[in-house]
Amino acid sequence: MSVTFGASTWLWTSPFSSEQGELLRGIARLGFDAVELPIEDPDLVDPGKILPILEETGLTPYLCGAFGPGRDLTNPDASVRANTRAYLSRLMDLAEVLGVPFIAGPMYAQVGKARQLAPEERQREWDLAARELHTVATEAGNRGLKLAIEAINRFESDLVNTTADTIRLVRSIGHPAAKAMIDTFHMTIEEADIGAAIRHAGDDLIHVQVSENHRGVTGTGLTPWQDFRDALGDIGYKGAVVIESFTPDNRDLAGAVCIWKRFTATQDEFAARGLAFMRDLFDQPLSKSKASALAASV
């Protein structure tokens, strides 16, 4: 099995802007093949400034959304839903220019919307999310793009928590552009069997994020990594495996994801150790030139 390895810029900074070209160069020097760009504010991102750096470094870009307050496709206020669709359209604009095949994230509802609801109210929100995402998927499909829909854990959402939930939502959306992604951090909270969940996703799985159960360096926690790898092999997954964690240097972001202390002395060390573990897990060592650059960077 051959996959590519990426890192989310959230590991170093928030929000990402197109002025952070040196960060992209640093991610490439660490030996990554790809970079995931979380777009919190599209106004901060000029793709014309990013494209030359991506071409220079050879990094493959991916985009994910940030679904904080005001971005909620299950909100009863139609204007909030319209604003969320407009935000997703702007992500698609960036994806088209950057050559990214999909936009990713828990795009069905605002993160942190976790409540005890009556079954009929939960079904109403589910149906609303499916209808809204069918509209978004239709636009994505017309642009030659896909949606990579992410389940997040029960403390962050009451709607889509497991991979089975994601696939059920994909079926409810009923559009070929609607696909699935996974994040091992959320999976270690919600799944009974990570391998079985991945196999259930099958061909619908188009993107993978990895993080330990404690959001630390991959390989230092409780995640069943061999099961994870074997299941990806069984479904023939050939996409990116992206390390996602967060910097404690941004207090707002760190507070939102409950990272109260550093896992490593530097974020570069976090990324480098995580990448080394993932390459070893998939038996894809760095080339000699990249290994030399990595040794010089850390």
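## Ground rules

Because the model is predicted, local features need pLDDT of at least 70 and side-chain atom pairs count only at pLDDT 80 or more, while totals for chains, interfaces and linings use all residues. Numbering starts from 1 along each chain as its sequence is written, and side-chain values use heavy atoms, with hydrogens and water left out.

Helices and strands here are DSSP runs (H or I, at least four residues, for helices; E, at least two, for strands), numbered from the N terminus.

Let's start with helix α1, residues 21–29. Its buried residues (buried means under 20% relative accessible area, exposed over 50%, partly exposed in between, with a 1.4 Å probe and protein chains only) are Gly-21, Leu-23, Leu-24, Gly-26, Ile-27 and Ala-28. They pack against β1 (4–8), β2 (34–39) and α2, where contact means heavy atoms within 4.5 Å.

Two backbone details sit around this helix. In the loop between β1 and α1 you'll find Pro-15, which is joined to Ser-14 by a cis peptide bond with omega about -5°. Just after α1, Gly-31 takes a positive phi of about 105°.

## Where α2 meets α3

Helix α2 (residues 47–57) and helix α3 (residues 78–98) have axes that come within 10 Å and cross at roughly 35°. Those axes are lines fitted to C-alpha atoms, for helices over the stretch in contact, and angles run from 0 to 180 degrees between N-to-C directions. The crossing of α2 past α3 is right-handed, meaning that the near helix is turned clockwise from the far one by less than a right angle.

On the α2 side, the contact uses Pro-47, Ile-50, Leu-51 and Leu-54; on the α3 side, Leu-94, Val-97 and Leu-98. By class, that makes seven nonpolar, no polar and no charged residues. For the classes, Ala, Val, Leu, Ile, Met, Phe, Trp, Tyr, Cys and Pro count as nonpolar, Asp, Glu, Lys and Arg as charged, and the others, Gly among them, as polar. An α-helix has 3.6 residues a turn, so residues three or four places apart point the same way.

## One cavity

The structure holds one cavity of 30 Å³ or more. A cavity is a set of points on a 1 Å grid over the protein atoms alone where a 1.4 Å probe fits but cannot get out, and lining residues have an atom within 4 Å of a point. The largest cavity has a volume of about 60 Å³, where grid points are joined across faces, edges and corners and the volume is the space filled by probe spheres set on the points.

Its lining has four nonpolar, five polar and two charged residues, including Asn-161, Thr-166, Met-181, Asp-183, His-186 and Glu-191. At least two lining residues come from each of α5 (163–173), β6 (178–183) and α6 (184–190), and β6 gives the most, with three.

Val-136 is found in helix α4 (residues 119–142) and is buried, at a relative accessible area of 3%. Setting aside neighbours within four places in sequence, Val-136 is in contact with Leu-73, Arg-85, Leu-88, Met-92 and Leu-147.

Gly-195, in helix α7 (residues 194–201), counts as buried because its relative accessibility is 2%. Not counting residues up to four places away in sequence, Gly-195 touches Asp-227 and Ala-231.

Then there's Arg-279 in helix α10 (residues 267–281), a charged residue that counts as buried at 9% relative accessibility. Beyond its neighbours within four places in sequence, Arg-279 is in contact with Phe-5, Gly-31, Asp-33, Gln-284, Pro-285 and Leu-286.

## Two positive phi values in loops

Most residues other than glycine have a negative phi, and most peptide bonds are trans. Arg-215, in the loop between β7 (205–210) and α8 (225–234), has a positive phi of about 70° and counts as buried at 6% relative accessibility. Asp-283, in the loop between α10 and α11 (288–297), has a positive phi near 55° but is exposed, with a relative accessible area of 65%.

Technical notes
1 Å grid on protein atoms, 1.4 Å probe; cavity = no way out; pocket = protein on both sides within 12 Å on 5 of 7 lines; lining within 4 Å.
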